[in-house]
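Here is a short report on one protein chain. Please look over the sequence and the model before reading on.

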Amino acid sequence: MRLEVWYSDKFLPQEVRTALSFTKVTDFASLRTNTVDVYHLLQLWAMMSSFLLIIFILLGVCDVQGAADFRVCAFNLQHFGDAKAKKSNVMQTLVKIISRCDVCLLQEVRDSRGKAMPQLLDHIDRFDTKHRYETVASQRLGRSDTYQEQYVFVYRADTVTVTAQYQYPDDRPGDVDAFSREPFVVRFRAPTTAIKEFVLIPQHTSPTNTTKELDALYDVLQHVKTMWKTENVMLLGDFNADCGYLAKKNRKNVRLLTDSSLLWLIVDNTDTTVRSTTSCTYDRIVVHGERFASKVVPNSAKPFNFQTEYGLTEEQALEVSDHYPVEVLLRPDASRSFFSDGNSGSGMANKVVSHFGLLPLFLLSHILSAW
Ligand SMILES: [Ca+2]
Ligand SMILES: [Ca+2]
């Protein structure tokens, strides 16, 4: 089969021209005819395309395995200190829970001697050698000298870094000392995630002052947004935002609930309590803004029922904590992943289409081979 075809630099790849010993044409306008063996030309071109297609697919699959979702967790450890650190079964469970997360906010860290937390970190490091864990912790916070708590973020230093930290001073004019445990705000950089950089505002509210503190958290959010010029803010922790602590009639007065730019990912009627006799949504994760919301894996926010997951009795689980951790997944960076995208499913579709645009040529090569 021999045909006359038009060709130029613009139409044929260098490899094909070289392979077929074409005369080089540098001027697009100076098209001229030549006689080529169309059969071999198409076969060569199609085989190159099928080879490229296979390479792209392999690269894509490797990328999917390399770009995992990024898990952010918040866990009220219920009075974590020496007593719990001495119980090896409790520590084992804590280690398993915390090492699931890229960033884990721990609350109710009491640890007055400062020994239990380093022990916990040491256990985590030895349990999960694939990652390197570090912590960033607040001072002891609380109105009374006899009862204080720390916020501690445990994070994987190989996937995320701390770029800033800020202890909210709680001296807002007209509303001084709004919090019992002032938010210890931390800014993280996570290059493998679609969001890249985000701020976490933790809060463990006082049960007796939940409505007031949740509303004041809105002021902290505005302050942090302005201070760090960022919209990517997540608020998380044991908000006590349910049952007897947050009355339905008071919810309309809580700006953290009424502002439509805030998305409460752990929704009402989700049980975050270990005790089977209680069902309350105390622990929450709230993201600010559509952009951040779009970088979250849909429907991934949930409590982690470690009692069921690790086959514990209720009594054994309660030794660990009376709360389940809550968690959410952040999407991986689209440019690092074949099958994921920062905004929606469209990026994935585009990539699949762009890679599979070679599909007709792949099929053509096989048709021609069989010819
Ligand atoms: Ca205070
Ligand atoms: Ca329960």
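The report below goes from the whole chain to single residues.

## Overall make-up

This is a predicted model. The protein chain holds 12 helices and 14 strands. Of its 371 residues, 33% are buried.

Take the contacts in the protein chain between residues at least 6 apart in sequence: 73% of them join residues at least 24 apart.

## The nonpolar core

The largest nonpolar core contains 75 residues. Those with the most contacts inside this core are Cys 104, Leu 105, Val 154, Leu 200, Ile 201, Met 234 and Ile 285. Strand 3, residues 70-80, supplies the largest share of the core, with seven residues.

Ile 285 gives a view of the packing. Neighbours within four places in sequence are left aside here. Beyond those, Ile 285 is in contact with Ala 74, Met 234, Leu 236 and Leu 265, among others. Its contacts also include Ile 266, Ala 301, Val 326 and Val 328.

## Helix 6

Helix 6 covers residues 210-228, which is 19 residues. From first C-alpha to last, helix 6 reaches 26 Å. That is close to the 27 Å expected at 1.5 Å a residue. Helix 6 is followed by Lys 229, whose phi is positive, near 50°.

Which residues of helix 6 are buried? They are Thr 210, Thr 211, Glu 213, Leu 214, Ala 216, Leu 217, Val 220, Leu 221 and Val 224. The cover over these buried residues includes strand 8 (184-189), strand 9 (197-202) and strand 10 (233-238). It also includes helix 7 (255-258) and strand 12 (283-288).

## Helix 4 against helix 5

Helix 4 (residues 88-98) and helix 5 (residues 116-127) cross at roughly 65°, and their axes come within 9 Å. The crossing is right-handed.

On the helix 4 side, the residues in this contact are Met 91, Leu 94, Val 95 and Ile 98. They meet Leu 120, His 123, Ile 124 and Phe 127 of helix 5. By type, the contact has seven nonpolar residues, one polar and no charged.

Most residues other than glycine have a negative phi.

Asp 170 is not a glycine, yet its phi is positive, about 60°. Asp 170 sits in the loop between strand 7 (161-167) and strand 8. Is Asp 170 buried or partly exposed? It counts as partly exposed, because it has 17 C-beta neighbours inside 10 Å, and a buried residue needs 20 or more.

Cys 243 also has a positive phi, near 50°. Cys 243 lies in the loop between strand 10 and helix 7. With 14 C-beta neighbours inside 10 Å, Cys 243 counts as partly exposed.

Thr 159 lies in the loop between strand 6 (150-156) and strand 7. Thr 159 has 18 other C-beta atoms within 10 Å, so this residue is partly exposed.

What is Thr 159 in contact with, leaving aside its neighbours within four places in sequence? The partners are Phe 70, Asp 102, Ala 190 and Thr 192. Thr 193 is 34 residues from Thr 159 in sequence, with the two C-alpha atoms 9.1 Å apart in space.

Notes. Residues numbered from 1 in each chain as written. Chains lettered and ligands numbered in written order. Predicted model: local features only at pLDDT ≥ 70, side-chain atom pairs only at ≥ 80, totals over all residues. Axes fitted to C-alpha atoms, helices over the stretch in contact; angles between N-to-C directions. Helix = DSSP H or I, 4+ residues; strand = E, 2+ residues; numbered from the N terminus. Left-handed = near helix turned anticlockwise from the far one by under 90°. Contact = placed C-beta atoms within 7 Å. Nonpolar A, V, L, I, M, F, W, Y, C, P; charged D, E, K, R; others polar. Expected span 1.5 Å × (residues − 1). Buried ≥ 20, exposed ≤ 12 C-beta atoms within 10 Å, placed from the backbone. Core = buried A, V, L, I, M, F, W, Y, C linked by C-beta atoms within 7 Å.
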